[in-house]
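Please look over the structure below. The report that follows takes up its strands, a helix, the domains, the cores and the chain contact.

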Amino acid sequence: MRSREVAKEPVTNKQNNRSSSAPATPPVMDGEAINRALRRVAHEIIERNPELGSVILAGIPSRGVEIARRIADIIQSLGKTPIETGVIDVSMHRDDVGKRAELPRVQASRLPLPLENKTVIIVDDVFFTGRTARAAMDAINSFGRPARIQLAALIDRGHRELPIRVDYVGKNLPTAAGERVRLRLENVDGEPDAVWLVKEEKA
Amino acid sequence: MTAQPGSDLRWQRKDLLGIRELSAEEITFILDTADAFKEVGTREIKKVPALRGKTLVNFFVEPSTRTSTSFEIAAIRLSADVINISAAASSLTKGETLKDTAKILEANHADIIVLRHSSSGAPQFLAERLSSSIINAGDGAHEHPTQALLDLYTIRERKGAVAGLHVVIVGDILFSRVARSNIFGLLKLGARVTLVGPSTLVPREFEKLGVAVSHDIDAVLPTADVVNLLRIQHERQRKEYFPGIGEYIRLFGLTKDRAKLLKPDCLIMHPGPINRGVEIDSDLADGAQSVILDQVTNGLAIRMAVLYLCGGIST
């Protein structure tokens, strides 16, 4: 069984250092396409949430936090009320603690409280097995009981392992099991925005 | 959010035996992790499932209330199952060796063993023989790593950084595992350290570690950013080392008069339990410069971080 994080590994900082140069193949999304996808997500959030004031965008570090910030900016630039954002780190709530040989850095979670009567939208970069989303829901519940929890992601690459679906998708990107999604965001990685689909290297 | 420098480090140790073997990056990693666990203490539900299904044995061969309680609460907040064993209750009193006792704990599927022991090196002895995670909760006069980590955390929290600060450690250095662990940690993070106390308890040999040694507290206090007062360990003390309580207070106690020498923002720390009126004046211990209770609260976050990291990797 492969967890989402294993296949997401190449987008962590450690691997940045190993392969900082962009792959030779052209990206499946460039900066403009990413921007369009996020605008679509922002419009859908506005459409489905008449009470935008009760919406909280909770990003999963590191890229989910950046994506949540961008979506909030877009919504505000459309003349809507400022949207509250937060950070939800799922490390302590994952189902594979004790099963990995090394642990990454945990960040403090930060949500505007109280959550009662709020709609918390979990924001992630690449939606994959659903295990991170499950852990995020668990983490959110330890802060309180929101009216509802929804999910937004820049990319949905499929291969769900839990009965969870995304509410807002920037782009559906069908992938094979041996492929991984490589995402770079300017403010997080110091490289121009782009998404690639790359063959997984044999370890 | 921009990635922090050094954020590519990943935790790979199953044991925490001492500060001496940790790198500055690893120490900072633990402090950052403790930040996240301190936040858990502000949640409506102060418990996370990280160590669900793991069994932690709190094995205190030497008496301790605050450290063992802190570890127990930390483990419970991480959803581990906790068993407390004290020296009196263990078969050590029946002549069983430490190794045999440990083997029994392991055969009972203890995933994490928190060990307090009067012999230096006891945690390492176990770590080399058992697959369980071993956390040193104080071994003889060797190390007390979680105490140093919570002291570093408290300093960083209040001062923003540890590097460049002048930290003065006062008292019973010779017998103090707290002092040793603190010295290693402070130097690795770039602080300047001065040890102060009677020459019998603070011998010049400590200078080899890279710290300054002084026997004149009044000359040192004015430049201190942090004063860490160690408890006089009556139970370890031999008469010939110690000048007597009255003379100790006169020469090294932090009295109200002496505290006037301190910078207004100098932190006063004490690992506890306090001998009020000996190492420190009672009012000063409860005063505005004292961070003694912060140390206790931060100790919980540090121990959650250490248990999560060492107990959370597969072995």
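## Strand β2 of chain A

Which residues point one way from β2(A), and which the other way? A:Val55, A:Leu57 and A:Gly59 point one way, A:Ile56 and A:Ala58 the other way, and all are buried. Buried here means 20 or more other C-beta atoms within 10 Å of the residue's own; exposed means 12 or fewer, partly exposed is in between, and C-beta atoms are placed from the backbone. Strand β2 (residues 55–59) of chain A is thus mostly covered, with 5 of its 5 residues buried. This is a predicted model: local features need pLDDT of at least 70 and side-chain atom pairs count only at pLDDT 80 or more, while totals for chains, interfaces and linings use all residues. Residues are numbered from 1 along each chain as its sequence is written, and chains are lettered from A and ligands numbered from 1 in the order in which they are written.

β2(A) has parallel partners. It pairs with strand β4 (residues 119–127) of chain A over 5 bridges, and A:Val55 stands opposite A:Thr119 there. It also pairs in the parallel sense with strand β3 (residues 84–87) of chain A, over 4 bridges. In β3(A), A:Thr85 is the bridge partner of A:Leu57. Strands are DSSP runs of E of at least two residues, helices runs of H or I of at least four, both numbered from the N terminus. Two strands pair if DSSP finds at least two bridges between them.

## An open sheet in chain A

In chain A, 3 strands form an open antiparallel sheet in the order β1-β8-β7. β1 (29–30) and β7 (179–184) of chain A stand at the edges with a single partner strand each, so one side of each has no neighbour in the sheet. β1(A) pairs with strand β8 (residues 194–199) of chain A over 2 bridges, in the antiparallel sense. A:Asp30 has A:Ala194 as its bridge partner in β8(A).

## Helix α4 of chain A

Helix α4 (residues 63–77) of chain A has 15 residues and should span 21 Å at 1.5 Å a residue; its end C-alpha atoms are 21 Å apart, which agrees. The expected span is 1.5 Å times one less than the number of residues. Of the 15 residues of α4(A), 11 are buried, so the helix is largely enclosed by the rest of the structure. Among them are A:Arg63, A:Glu66 and A:Arg70. Just after α4(A), A:Gly79 takes a positive phi of about 85°.

## Domains of chain B

Chain B is assigned domain 1 (24–144 + 296–311) and domain 2 (145–292). The bounds come from an automatic or database domain assignment. The C-alpha centres of these two domains of chain B lie 26 Å apart. Their contact takes 20 residues from domain 1 and 21 residues from domain 2 of chain B. Contact means C-beta atoms, placed from the backbone, within 7 Å.

## Nonpolar cores

The largest nonpolar core has 102 residues, of which B:Leu78, B:Ile113, B:Val227, B:Ala305 and B:Leu307 touch the most other members. α11(B) gives the most to this core, with 11 residues. A nonpolar core is a set of buried Ala, Val, Leu, Ile, Met, Phe, Trp, Tyr and Cys residues joined through C-beta atoms within 7 Å.

## Contact between the chains

The contact takes 26 residues from chain B and 28 residues from chain A. α1(B) supplies the largest share of the chain B side, 6 residues.

Conventions. Contact = placed C-beta atoms within 7 Å.
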